Amino acid sequence: MSDTSQDIVRAYHGRTKHRFEAYAEGPGQLDWDAQPAPFRHYPGAPLLELPLAADRFERCYGRLPEKPENQIDADLDSLGALLELSFGITAWKSWGPSRWALRCNPSSGNLHPVEAYVLSAGLPGVPDGLHHYEPENHALEGRALTAPGDEAPWLAIGLTSIMWREAWKYGERAFRYCQLDIGHAIGALAYAAALLGWEIRPVANPAMAHCLGLDRADDFPASRYAFTEIEEPEILLVVRAAGLREAPPAEQLVAWLDAANWQGKPTRIDPSPGYRWPAIDQVAAASRLLRSTAKNEQISNRLPDLPPHPTTAGAAQLIRQRRSGQRFDPKHSLPKAAFYRMLDASLPRPQVPFSVQESPPRIHLLLFVLRVDGLPPGLYLLPRTPAAAAELPGALAQRFASQRPVADVDAECPAHLGLIQLADMGLQELQRTARALSCHQDIASTSAFSLGMLGEFDAATGDGDGHGYRELLREAGLVGQVLYLEAEAAGVRGTGIGCFFDDPVHQTFGLAGSRWQSVYHFTVGTPINDARIETGPPYPQRQQENP
Ligand SMILES: Cc1cc2nc3c(=O)[nH]c(=O)nc-3n(C[C@H](O)[C@H](O)[C@H](O)COP(=O)(O)O)c2cc1C
């Protein structure tokens with residue numbers, strides 16, 4: 001009997017766990033000759049430079065859930081702002097001979113597997129058809145252009161993963177990182193859309209690979225149509241804004257694009273093909289979206305509205321300055337109000353960015369509270385749904401007999417937050433534990449707090465449709481994106497942590513079996529900047545346009 005999707009996905013998760021005794025299967029050492037290209041281009045496709053116009057649309061970060069006073073129409077300028085603030089470059093860093101780009105979206109190992117495509121018709125200044133977004137020059141490459149029609153305009157963004165970029169460094173665990181990155185990318189796009197007063201929503205499209213030109217044999221000849229070159233179709237998101245209609249259904253899109261003028265050939269990602277990680281191919285195949293209709297289930301509104309953030313900083317400014325903390329200053333602590341606010345913002349509400357999520361919320365937070373003013377260092381729990389609030393404390397009861405709701409002892413803690421103190425711990429022991437569990441990385445222990453994102457693994461993978469695994473990892477990425485921006489708004493900094501020892505995390509919290517699985521870690525604190533690393537502007541070739 002062949003394995004079901006569910007079996008494959010669950011086996012993949014199990015075999016890609018990091019253990020104290022051994023890390024998940026990886027390349028061992030990096031083959032620099034095979035280093036993947038960070039940018040894909042389509043030479044031969046017409047290039048359309050996008051304006052660097054995001055500052056024209058700047059709004060206070062705290063006002064993002066509201067619509068801007070004046071409606072912003074979708075056109076070349078606003079599309080440029082959308083892409084700049086989601087996938088654009090924010091700085092060039094250099095140290096010695098090394099030079100690397102940072103972008104609005106974070107990425108495991110800064111390897112950036114995510115590629116973005118624009119499908120649109122009727123947008124002023126943008127030719128109708130399919131475009132590839134080229135972040136290096138902030139430009140669109142016209143992949144499949146069509147004659148303009150006379151229907152109402154529409155706009156959709158397709159995201160893909162080039163999994164080889166992550167697999168080159170991380171081996172089998174790379175599929176997880178790609179999904180976490182996709183979650184961050186969806187979040188980055190949702191925030192950029194909110195700045196413009198727009199919303200993004202997923203649309204099911206079983207012909208997504210075809211619509212994005214990823215299955216074109218001429219462009220990906222058989223010898224090159226190998227694991228290291230292919231792009232995995234991930235998600236298609238339709239933009240909802242005044243004046244835009246829904247994107248056409250899949251069959252219409254296919255016919256429209258088949259009749260288009262296809263141009264450009266993809267550049268190579270892998271200069272020295274050789275590696276393969278079949279476990280990634282298998283889990284990718286077992287977790288592809290089979291549904292052909294959108295779920296359109298929105299997160300329900302059971303919580304009080306999130307109060308506007310008190311910061312006066314602009315959203316575009318915070319999005320551009322977002323960075324991962326590389327080192328944290330253990331002499332600093334975080335005000336309690338800022339801590340509660342960050343946790344509150346991570347709860348699933350039908351507003352940016354969680355309005356984009358169609359799967360039920362299944363991520364909960366296991367917290368290592370290290371340096372938060374007025375809170376005893378220790379282990380804490382934040383269930384993000386009423387069902388988990390009812391079940392998780394019981395599941396942890398044996399290990400943490402003296403657990404109690406923080407709101408019972410601290411009037412400043414919002415009652416709806418549902419934060420639970422599991423156990424006090426001496427700071428030194430807590431630091432040792434947090435650091436060890438996150439692959440011995442100091443950033444998990446020198447910060448104000450770090451956390452493990454505990455996923456409802458059995459529920460997510462239990463319906464026979466392996467796609468729930470991708471949704472679980474993406475939700476974790478989405479929560480991570482909230483924490484990154486909320487940290488910047490609070491004047492501190494966050495860092496995603498993909499490297500952690502899976503089962504030792506569960507054991508620390510007294511969890512057995514596969515029902516609950518930690519899928520991502522995160523840390524927030526006061527950063528120490530490395531003055532040796534130089535910072536250059538994002539688009540030096542377009543200096544006059546740079547903010
Ligand atoms: C899914 C994911 C996992 C990550 N894991 C780690 C990690 O284990 N350790 C670490 O220091 N940084 C980690 N990072 C941070 C990345 O290294 C960082 O995002 C990347 O270098 C780009 O830098 P930036 O975030 O400043 O733009 C992770 C980021 C993501 C999105």
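Trainee: Which elements supply at least two residues of the shell around the ligand?
Mentor: They are β3 (98-103), α4 (174-195) and β16 (493-497), where helices (H or I, at least four residues) and strands (E, at least two) are DSSP runs numbered from the N terminus. Please keep in mind that this is a predicted model, in which local features need pLDDT of at least 70 and side-chain atom pairs count only at pLDDT 80 or more, while totals for chains, interfaces and linings use all residues. Residues are numbered from 1 along each chain as its sequence is written, and side-chain values use heavy atoms, with hydrogens and water left out.

Trainee: Which residues come nearest to the ligand?
Mentor: Of the 22 residues around the ligand, those are R322, S324, Q441, G496 and G498, with a residue counted as near if one of its heavy atoms lies within 4 Å. By class, the shell has eight nonpolar, ten polar and four charged residues; Ala, Val, Leu, Ile, Met, Phe, Trp, Tyr, Cys and Pro count as nonpolar, Asp, Glu, Lys and Arg as charged, and the others, Gly among them, as polar.

Trainee: And what does Q441 do there, in terms of distance?
Mentor: An N or O atom in the side chain of Q441 is 2.7 Å from a nitrogen atom of the ligand, which falls under polar contacts (pairs of N or O atoms within 3.5 Å). A polar side-chain atom of R322 lies 2.8 Å from a ligand oxygen atom, and a polar backbone atom of G498 is 2.8 Å from a ligand nitrogen atom. The protein covers 86% of the 620 Å² of accessible area that the ligand has on its own, by the Shrake-Rupley method with a 1.4 Å probe.

Trainee: Changing topic, what is the strand order in the seven-stranded sheet?
Mentor: That open sheet runs β13-β14-β12-β11-β15-β17-β16 with antiparallel pairing, two strands being paired if DSSP finds at least two bridges between them. Because β13 (404-405) and β16 each have a single partner strand, one side of each is left without a neighbour in the sheet.

Trainee: What about the three-stranded sheet, what order is that?
Mentor: The order there is β3-β2-β18, again open and antiparallel, with β3 and β18 (534-536) as the edge strands. β2 (residues 89-95) pairs with β18 over three bridges, and the bridge partner of S94 in β18 is E534.

Notes:
Polar contact = N/O pair within 3.5 Å; in protein donor to acceptor, adjacent residues only side chain to side chain.
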